[in-house]
Each structure stands twice: as C-alpha cells, then as structure tokens.
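Let's take a look at this protein together, one piece at a time. Have the sequence and the 3D view ready.

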Amino acid sequence: MTIAPEQSAWFASTFSAMVDNVERVVLGKRHVVELAFTAMVSEGHLLLEDFPGTGKTSLARAMSQSLQGVSSRIQFTPDLLPGDVTGITVYDQKKGEFEFHSGPIFANVVLADEINRASPKTQSALLEAMEEGKVTVDGVTRSTGSPFLVIATQNPIEQAGTYRLPEAQLDRFMMKTSLGYPDLASTIRILEGTSQAHHDLAPVITPQVLVGMSDLARSVFVHPLLLDYIARIVEATRTARQVRMGVSVRGARALTKASKTWAAARGRTFVTPDDVKGLAEQVLAHRIVLDPEAEFDGVTASAVIGQILLDIVPPSRSDLM
C-alpha cells in the first residue's frame with residue numbers, strides 16, 4: 001500500500017516540527033538534525049565523527065525529549081565491559097532467584113560516546129541491539145523497545161589508545177556525518193543562552209507516533225528504475241579501482257529506506273533521484289574500504305561516491321512518470 005497524499009503532508013509537518021524543536025538547542029545544524037531523524041524514522045543508527053564540544057550529547061537528549069522518550073549516555077573507555085552496556089543478571093538472595101539489571105542500551109536514544117575507545121569485545125555488545133533491536137544476556141533475549149536509535153561518536157583527531165571500528169560494525173550504521181562547529185551567528189546565540197542551566201524541550205510526539213511514521217515511510221513509492229539506479233551505484237563501489245571492499249546489500253537497503261523517509265519528510269509520496277543522490281555520501285561512504293595506495297594518494301571514500309554519482313546517469317523525470 002502506498003502512502004496517501006494527506007498522510008505525507010502530515011508526515012512532513014510532524015517531521016519539520018521535531019526538527020524545529022531540536023534546533024532550539026542544536027543551533028545552526030538543521031541538515032544534520034534532519035539526517036538524524038531520518039535515520040531514526042528509517043530504523044537505522046547514526047555515526048558522528050566529530051570534535052569534542054560540538055553538541056553531540058545535546059542532540060541526543062533533544063531528540064529524546066522531542067518524542068517523550070528515554071535517552072542514555074555511555075562513555076566508552078578501555079575498561080568498559082559488555083555487561084556495562086547490555087546489563088547483567090544478579091542473584092537476589094532474599095528472593096532466591098536471578099534478576100536482570102538492564103543496562104543503558106535499553107533506551108530510545110542511546111549516545112555511545114567515543115565508541116572507538118572501548119575494546120572490540122565491548123563494541124560487539126552493540127551489534128545485536130543495532131541490527132535486531134534485541135539484547136541476549138544469559139540466554140534470555142529482551143527487546144530494547146521502539147523507537148531505538150544509537151548515536152555513536154568518535155574523535156577524528158586523537159587516535160592513540162583507540163580501536164578502529166570493524167567493517168561489520170560500521171555497516172550497522174545507516175549514516176555517518178558530523179555536526180561540526182557552529183557558524184558565528186549561531187555561536188553568539190549559544191553564548192547568549194549560557195545563563196540557562198538546562199534546555200528542557202516540550203515533547204512534540206510520542207514514541208508510538210514515531211513508530212507510525214516509520215510504517216508510513218516504508219510505504220513511500222520507489223520506481224523500479226530508481227531501484228536499478230541504487231543497485232548500479234552500489235555495484236560501482238565494488239568495481240571502482242581505488243576500492244578494496246565496496247558497499248554491501250545492507251548499504252543498498254539503507255539508502256533505499258533513508259530515501260523513502262527523506263521523500264516523505266518533504267511531503268512526497270514517491271522518491272526522486274535527487275533524494276538518492278542527496279543521501280548517497282552519508283549512507284554509503286563509511287561502508288567503503290579503500291585500497292591502501294589510494295589512501296596514500298589522498299583519495300577519500302566521499303570522493304569515490306561523488307565520482308560514481310557523476311558517472312552513473314539517473315533515470316529522467318519522463319522515465320519515472
């Protein structure tokens with residue numbers, strides 16, 4: 001069933017209201033906030049590679065408050081254990097039974113701060129939760145709830161004492177982007193608001209409504225020619241001479257799902273080539289493993305995606321009618 005025009009209009013107004021609400025705290029970063037909500041509505045996760053103090057925690061808290069949800073923050077350190085993320089089972093002597101003490105992964109918005117500072121074993125504790133929305137501890141599987149978004153951060157400068165995220169985990173993130181420093185005008189507005197201890201936002205929607213938005217986004221129409229366009233983009237990443245490992249099928253599905261949400265957020269019932277091109281770098285670039293010689297020559301994954309988008313001709317408007 002395809003999304004109806006009145007449903008797409010409601011979707012667009014609600015999406016815009018959520019972004020407006022978060023922008024009251026995260027100033028001057030509307031596009032990044034839109035990407036974050038796109039990942040959340042598309043049932044994906046977000047990786048932020050950014051400098052300290054750019055508002056990553058504020059973004060996670062504001063998103064959670066906007067949907068009246070629960071947020072948590074995990075500071076990843078070398079001594080962090082998997083149980084510190086997922087929770088542990090503890091024996092209660094009074095009751096004579098084991099009780100599960102849930103970890104911070106059980107929240108609507110989870111900020112995994114400096115995720116690459118924890119050991120690979122602890123990083124892997126996120127894999128099942130990010131892929132299936134479930135956590136298994138001592139043979140018992142529990143749902144993390146819905147909606148569920150992991151916003152992970154890593155510092156692009158300080159690499160000493162860090163563990164590079166394996167490709168299998170990078171592939172779990174729907175998008176990778178950065179907040180970056182605010183512009184001059186936004187910085188002045190931030191400084192003007194330093195007298196406020198906390199920014200508590202009024203909720204715009206409930207978690208149940210956001211789950212309904214995810215259902216609507218899935219029903220946005222994608223023309224077969226656009227599916228072919230996405231498949232050709234992904235295939236080109238695998239055959240590019242600078243690339244050692246291209247984009248997986250999971251990446252192609254992520255680009256399709258994100259494009260549907262992006263289209264609905266603009267009040268449309270269908271995806272356009274511009275939706276795909278506008279999201280391709282954020283969704284696909286972090287999934288590419290470059291050849292070492294290409295990296296040495298200064299080639300970036302973003303540049304590879306950009307060249308592929310130039311080389312592959314998208315379907316025309318008349319073809320999609």
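## The lid stretch

An unreviewed UniProt entry lists residues 236–306 as "domain: ChlI/MoxR AAA lid".

A quick word on the model: it's predicted, so local features need pLDDT of at least 70 and side-chain atom pairs count only at pLDDT 80 or more, while totals for chains, interfaces and linings use all residues. Residues are numbered from 1 along each chain as its sequence is written, and side-chain values use heavy atoms, with hydrogens and water left out.

## Two helices crossing

Now find helix α2 (residues 30–41) and helix α3 (residues 56–66): their axes come within 12 Å and cross at roughly 55 degrees. That makes α2 oblique to α3 (angles under 35 degrees count as roughly parallel, over 145 as roughly antiparallel, 65 to 115 as roughly perpendicular, and the rest as oblique).

Who touches whom? V33, A36, F37 and M40 in α2 meet L59, M63 and S66 in α3, where contact means heavy atoms within 4.5 Å.

## A tucked-away glutamine

Is Q169 buried or exposed? Q169 counts as buried because its relative accessibility is 1% (buried means under 20% relative accessible area, exposed over 50%, partly exposed in between, with a 1.4 Å probe and protein chains only).

You'll find Q169 in helix α7 (residues 167–170). Leaving aside neighbours within four places in sequence, Q169 is in contact with I115, Q123, S124, L126 and L127.

How values were computed: Axes fitted to C-alpha atoms, helices over the stretch in contact; angles between N-to-C directions. Helix = DSSP H or I, 4+ residues; strand = E, 2+ residues; numbered from the N terminus. UniProt positions renumbered as here; feature names shortened; annotations may be inferred.
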